[in-house]
Amino acid sequence: MIRASSLYRYRLCPGSLALEAKCPELPPSEDASAGALQHAVLSGTADMKLLTSEQRAAVQWCHADTELLIERTFGEVRPKIFCEIEMDLDGFISGHPDFIAVHKDTAIVLDRKFGRNEVDPAEINDQIRAYSLMTQETFGVEYVLGGIQQPHASLDSRRSLTMYGPKELSEAKIDLKTVHNEAQKPDAPLNPGKEQCRYCRAKAICPAVSKWESSIVKLDLSLIPMEHAAELYVQADVLGKRSAEVKQIIYNMVQNAQAENRPTPGFELKPGIPKRQVESAQAAFDALRSLCPDLKDEVFARLFTECCSVGIGALDSLVARAKNLSEGNAKKLVTGALKEAGCLSYTKPQASLKLVKEEKAAA
Ligand code: SF4
């Protein structure tokens with residue numbers, strides 16, 4: 001069975017299914033572990049206290065947004081709720097949606113993304129289409145409201161929704177079956193690109209990516225033609241991630257070898273040093289105030305606040321919750337209030353490179 005979360009990659013690069021099966025599982029990155037913890041808090045299997053204030057704000061936003069969707073979809077009725085249940089679609093696609101709410105012939109299915117990279121909106125997102133189909137078949141509903149919540153995305157794309165009825169669901173099933181069948185073929189092609197290669201474990205052994213490497217090594221950097229710059233940019237980006245994965249695999253090998261007392265020629269593992277972090281600014285203020293009795297209150301308060309950084313997005317969420325406002329209106333209010341208080345400044349914006357249509361860039 002293929003995973004719903006990888007469907008989009010199989011659509012773009014059908015050959016990645018077989019190639020990835022030859023690669024070892026990598027341990028989750030720091031971001032992935034942080035995301036898993038936030039999912040666990042939302043599903044009720046981990047304590048909110050384990051989260052940083054920014055993560056807490058993200059989780060609380062998801063929770064409040066979900067309640068809003070439930071109310072708009074089902075009114076006063078409380079639907080049955082299911083979190084992270086493993087499901088499959090006719091035995092060919094599997095997955096576990098983060099959240100499902102069901103009442104009579106209608107369901108909501110949600111996927112939460114805690115990363116900074118914005119994903120495709122719900123109406124064109126293969127993972128949500130698969131989850132909606134699984135929900136329809138598992139619970140026998142006719143209508144599924146599929147949604148993606150991305151608390152760290154820009155305001156416009158923080159939540160996207162799409163409604164599937166019987167016709168759309170049967171079309172989606174045919175389409176996803178085709179993606180599945182193409183990926184199963186022994187001669188399924190490899191088609192490298194920014195989106196499909198980003199999370200593919202096969203980068204380290206992929207012949208299509210290796211071809212890019214040999215052409216980049218031979219490149220005269222003083223003569224990059226502008227018409228090929230976007231294509232080369234994508235290749236360099238994928239190769240950079242491949243190098244990072246090779247380093248991670250070697251790190252794991254050394255760690256395992258040390259644990260088993262095997263030699264690790266050329267390496268030693270230095271023990272890590274735990275980083276200190278303050279859990280509560282208020283408690284830290286009180287504790288340190290008594291350590292500096294000679295400082296006047298206002299001097300200590302100024303020096304202390306100079307050491308604190310404020311998450312402005314978290315302030316927007318705080319005001320949104322406190323005043324029951326949308327995030328957009330809260331942002332305007334916070335910006336106005338901070339400007340008036342003379343404590344808001346803007347960093348100089350730096351233009352970032354945005355690739356238009358990857359198909360064109362990587363073709
Ligand atoms: S690294 Fe890229 S091209 Fe190679 S299998 Fe994975 S997705 Fe396909």
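# Notebook: helices and sheets of the chain

**Entry 1. Helix α6.** I began with helix α6, residues 166-184, which has 19 residues. I find that α6 reaches 27 Å from its first C-alpha to its last, close to the 27 Å expected at 1.5 Å a residue. I note here that the model is a predicted one.

Which residues of α6 are buried? I get A172, L176, V179, H180 and A183. Looking down the axis of α6, I see these buried residues within an arc of 95°, so they line one face of the helix. I kept in mind that an α-helix has 3.6 residues a turn, so residues three or four places apart point the same way. On the face of α6 turned away from the buried side I listed the exposed residues P166, K167, E171, I174, T178 and N181.

What do the buried residues of α6 pack against? I find the strands β1 (2-3), β4 (93-95) and β8, together with the helices α1 (7-12), α2 (16-20) and α5.

**Entry 2. The sheet of 5 strands.** I then turned to the sheet that contains β8. I read the strand order as β2-β5-β6-β7-β8, in an open sheet with mixed pairing. I place β2 (80-83) and β8 (159-164) at the edges; each has a single partner strand, so one side of each is left without a neighbour in the sheet. I get an average twist of 15° from one strand to the next.

- I find β5 (residues 99-103) and β6 (residues 106-112) running antiparallel, joined by 5 bridges. In this pairing I see V102 opposite A107 of β6.
- I find β6 and β7 paired in the parallel sense over 7 bridges. I see V144 of β7 as the bridge partner of A107.
- I find β7 and β8 paired in the antiparallel sense over 6 bridges. I see G146 opposite T162 of β8.

How does the chain get from β6 to β7? I traced the path through α5, and this β-α-β crossover is right-handed.

**Entry 3. Helix α5 and strand β7.** I looked up where α5 (residues 126-139) sits, and find that α5 lies across β5, β6, β7 (143-149) and β8. I get an angle of about 145° between α5 and β6. I also find α5 lying across β3 and β4, where α5 runs at about 100° to β3. For β7 I count 6 of 7 residues as buried, which leaves the strand mostly covered.

**Entry 4. The sheet of 3 strands.** I find another open sheet, with the order β1-β4-β3 and mixed pairing. I note β1 and β3 (87-89) as the edge strands, each pairing on one side only. I find β1 and β4 paired in the parallel sense over 2 bridges, with S94 of β4 as the bridge partner of R3.

**Entry 5. E142.** I looked up E142 in the loop between α5 and β7. Is E142 buried, exposed or partly exposed? I count 13 C-beta neighbours inside 10 Å, so E142 counts as partly exposed. Setting aside neighbours within four places in sequence, I find E142 in contact with D105, G165 and P166. P166 is also on my list of exposed residues of α6. I checked W61 as well, 81 residues from E142 along the chain, and find their C-alpha atoms separated by 28 Å.

**Entry 6. Helix α12.** I took α12 (residues 312-323) next, a helix of 12 residues. I get 16 Å from its first C-alpha to its last, close to the 16 Å expected at 1.5 Å a residue. I find D316, S317 and A320 buried in α12. The buried residues fall within an arc of 95° seen down the axis of α12, so they line one face of the helix. On the face turned away from that side I find the exposed residues I312, A322 and K323. I note that the cover over the buried residues of α12 includes α4 (53-74) and α13 (327-340). Just after α12, I find N324 with a positive phi of about 55°.

**Entry 7. Whole chain.** I ended with the overall figures. I count 14 helices and 8 strands in the chain. I get a box of roughly 75 × 65 × 50 Å, taken along the principal axes, for the C-alpha atoms. Of the 363 residues, 25% count as buried. Among contacts with a separation of 6 or more, I find that 62% come from residues 24 or more positions apart.

Conventions
Residues are numbered from 1 along each chain as its sequence is written. This is a predicted model: local features need pLDDT of at least 70, side-chain atom pairs count only at pLDDT 80 or more; totals for chains, interfaces and linings use all residues. Two strands pair if DSSP finds at least two bridges between them. Helices (H or I, at least four residues) and strands (E, at least two) are DSSP runs, numbered from the N terminus. Axes are lines fitted to C-alpha atoms, for helices over the stretch in contact, and angles run from 0 to 180 degrees between N-to-C directions. Two residues are in contact if their C-beta atoms, placed from the backbone, lie within 7 Å. A residue is buried if 20 or more other C-beta atoms lie within 10 Å of its own, exposed if 12 or fewer, and partly exposed in between; C-beta atoms are placed from the backbone. A crossover is right-handed if, with the strands pointing away from the viewer, the path from the first strand over the helix to the second runs clockwise. The expected span of a helix is 1.5 Å times one less than its number of residues. The arc is that of the directions from the helix axis to the C-beta atoms.
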